[in-house]
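Dear colleague,

I am handing over the structure that we talked about, and below it you will find what came out of going through it. Please read the notes with the model open beside you.

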Amino acid sequence: METISERLKYIRIEKRFTQAELAELLQIKRQTIANIESGNSNPSIDFISKLIENLNVNANWLIAGVGKPFNPPKFEDVEDELTLKVESLLKKHNLI
């Protein structure tokens, strides 16, 4: 992927968001995403910051195409996900 526009679209599709859903998550207009993805405008620093923060996007990859699209999950996120799975299994088997 050569351009930030292509990388943004890749991220959106990889996370299974429509333009409208991503816009809602980032609290911006859908048209802003459409304009960036089509190459009609460049993303602002604020937009890039929101994308990195909300979707754990690797800034180097987004801006320069270097590295992998997403940062590894934070330990807290993995721990929370694991806790939810364990609780679900315990409830399923009537252990809690």
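Asn58 sits in the loop between α4 (45-55) and α5 (59-64), where helices are DSSP runs of H or I with at least four residues, strands are runs of E with at least two, and both are numbered from the N terminus. Asn58 counts as buried because its relative accessibility is 13%, and buried means under 20% relative accessible area, with over 50% called exposed and the range in between partly exposed (1.4 Å probe, protein chains only). Leaving aside residues up to four places away in sequence, Asn58 touches Val66, Gly67, Lys68, Pro69, Phe70 and Asn71, a contact being heavy atoms within 4.5 Å.

Please note that this is a predicted model, in which local features need pLDDT of at least 70 and side-chain atom pairs pLDDT 80 or more, while totals for chains, interfaces and linings use all residues. Residues are numbered from 1 along each chain as its sequence is written, and side-chain values use heavy atoms, without hydrogens and water.

In helix α2 (residues 19-26), the buried residues are Gln19, Leu22, Ala23 and Leu26. They lie on the same side of α2 because they cover an arc of only 100° around the axis, the arc being that of the directions from the helix axis to the C-beta atoms. These buried residues pack against α1 (4-14), α3 (30-37) and α4, and just after α2, Gln27 takes a positive phi of about 60°.

As for the whole protein chain, it has six helices and zero strands, and 25% of its 96 residues count as buried.

Best wishes
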